[in-house]
Amino acid sequence: MSSKLAIDGGAPVREARLPYGRQWVDEDDIAAVIEVLRSDWLTTGPKVGEFEEAFADFVGVTEAVAVSNGTAALHAAMYAANIGPGDEVIVSPMTFAASANCVVYQGGTPLFPDVDPDTLLLDPAHVEAKITSRTKAIIAVDYAGQPCDYDALQAIADQHNLTLVADACHAIGGSYQGRPVGSLADLSAFSFHPVKHITTGEGGMITTDDPNLARRMRIFRNHGITTDHRQREQQGSWFYEMVDLGYNYRLTDIQCALGLSQLRKLPGWVARRQEIARRYNAAFAEMPAVEPLVVREDVSHAYHLYMIRLDLDRLQVNRARVFAALRAEGIGANVHYIPVHYHPFYRQRFGTGHGLCPVAEAAYEQLITLPIFPHMSDDDIDDVIVAVRKVVETYRR
Ligand SMILES: Cc1ncc(COP(=O)(O)O)c(C=O)c1O
């Protein structure tokens, strides 16, 4: 590769920066939202139940509870699992802070076992080693969209009487041994933030096969009150009771209409994400300094994110320089994630820090997230590949 890097004053691969993720909202989606805006119910209306039912069907469970975002979904899951002060919950360190924050909201203590070096998913052996008499739950994060090893995690959960929660915010549309994500744990949490597979602006969902847990989470998302506005309207009653401390975590009908419309397109979008990943994998197989993460054979990866791991021994520069060089080329690179136990809050509150999870920490120094979203064109994919090749060849040791 002869051309000068854009970071050194050369011409960039592309002028307008390609983001790492982006929503796709079409005219059908807009029409669905407008229909609700013209209706009687903007919130606590019929679209909420419709979206919940469609989502439960999609993942093959009996119950889905819509909430205002993925973080609220995780918080509701911790409430349903009865997590409280003194309880410990095992959480992957290789995730967004919200995966662990939900434990702290309930007064619990997150414990961070290390991850598998190939997939960066929770390593069941490390999970087991963390369990104490105070441990009540495991939050498995389907990092990047690859489902965790749920059989191994379920066996540990059963043996120690723990609730298994899937943070499936990256993984809707994926599957494990032919079983859909959303049906693999006691409780599974989803996010509908615009960079995720489908969006409702902000939004979230919890899926479960346990009607009792679903009922409790419906109360939790509604201030801890047993009936909502429409139910009281239908009953012709003003009376309600607040039976527990809940929150206003409701998802509006406007958002649910958008979610329903988006959900119909999800299978095609997951297929396109998988196709983009296949093209990246084929291209990066020719670049020794670039290693995609390993995908296990028994899963279908939903590819919310696509990460490469840099072999820094083959490069003259560190990850920060490769990141900056890619951005200068017009590629919206990102990094997922700063390990949760590195954050100042966790260091100060729980005494975590460097050295707790050596595999996650080493991976963090090498990771770069590349653009992947269904609306990307084939030319966009080529631009990413050309830019990565240009940067790693220029910095080759
Ligand atoms: C793994 C994971 N868990 C939880 C969340 C929180 O979702 P939300 O942004 O909808 O609150 C996110 C979103 O970024 C996430 O990536």
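Select aspartate 378 first: at 37% relative accessibility it counts as partly exposed (buried is under 20% relative accessible area, exposed over 50%, partly exposed in between; 1.4 Å probe, protein chains only). The model is predicted: local features need pLDDT of at least 70, side-chain atom pairs count only at pLDDT 80 or more, and totals for chains, interfaces and linings use all residues. Residues are numbered from 1 along each chain as its sequence is written, and side-chain values use heavy atoms, without hydrogens and water.

Arginine 272 counts as buried, at 15% relative accessibility.

Now select arginine 296 and aspartate 298, a salt bridge with its closest N and O atoms 3.2 Å apart. Arginine 296 is partly exposed at 22%, and so is aspartate 298 at 26%. Then select Arg272, Glu275, Arg279, Asp378 and Asp382, which salt bridges with shared partners join into one network.

Move to arginine 179 and aspartate 151, whose closest N and O atoms are 3.4 Å apart in another salt bridge. Arginine 179 lies in strand β7 (residues 179–180) and aspartate 151 in helix α6 (residues 150–160), so the pair ties together parts 28 residues apart in sequence.

Finally, show the whole structure, which holds 19 salt bridges.

Definitions and conventions
Salt bridge = Lys/Arg side-chain N within 4 Å of Asp/Glu carboxyl O. Helix = DSSP H or I, 4+ residues; strand = E, 2+ residues; numbered from the N terminus.
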